[in-house]
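Hi there,

Here is the structure I promised to pass on. Have a look at it, and then read my notes below.

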Amino acid sequence: QVQLVESGGGLVQAGESLRLSCAASGRTFSRYALGWFRQAPGKEREFVASISKYGGSTDYADSVKGRFTISRDSAKGTASLRMNSLKPEDTAVYYCAADDATYNSDTYTSRHSYEYIYWGQGTQVTVSS
């Protein structure tokens, strides 16, 4: 099992930046690909970004590409999402998640929420106009 604890959410104005963090404990961290998802009120949870188990590959939703950066430090068991040039439409609860990638290469990432077994509690990001 993997336990994920998120932090870093808050209230910012449009155009500002924010960095979310996710600390993991439990099974070997490097066996898991990681993802960030978000959910706004009344909307379905959507994919934001994913990173492979060793960090060799990343994937981003078109809506955040060029603005957000996902990273990880497997030795420390942490993951981050740096969010630049935030827009009001980025307002949502953000979740980090872990996907078992033991038998996958370092190119493997996933956009599918059902592939992720472990989830953090979520952290609120609010962007004002």
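In which loop is D90 found? D90 sits in the loop between strand 8 (78-83) and strand 9 (92-100); strands here are DSSP runs of E of at least two residues, numbered from the N terminus.

Before going further, a word on the basis: this is a predicted model, where local features need pLDDT of at least 70, side-chain atom pairs count only at pLDDT 80 or more, and totals for chains, interfaces and linings use all residues. Residues are numbered from 1 along each chain as its sequence is written, and side-chain values use heavy atoms, with hydrogens and water left out.

Back to D90. Its relative accessibility is 1%, so D90 counts as buried (under 20% relative accessible area, with a 1.4 Å probe and protein chains only; exposed is over 50%, and partly exposed is in between). A polar atom of the D90 side chain lies 2.8 Å from the backbone nitrogen of K87. Leaving aside residues up to four places away in sequence, D90 touches R38, R67, F68, S85, V125 and V127, where touching means heavy atoms within 4.5 Å.

The other thing to look at is the disulfide (a pair of cysteine sulfur atoms within 2.5 Å). The count comes to one: C22 and C96, with their sulfur atoms 2.2 Å apart. This pair links distant parts of the chain, as C22 is in strand 3 (residues 18-26) and C96 is in strand 9, 74 residues apart. The torsion about the S-S bond is about 55 degrees, so the disulfide is right-handed. C22 is buried at 5% relative accessible area, and C96 is buried at 3%.

Best wishes

Technical notes. Helix = DSSP H or I, 4+ residues; strand = E, 2+ residues; numbered from the N terminus. Polar contact = N/O pair within 3.5 Å; in protein donor to acceptor, adjacent residues only side chain to side chain.
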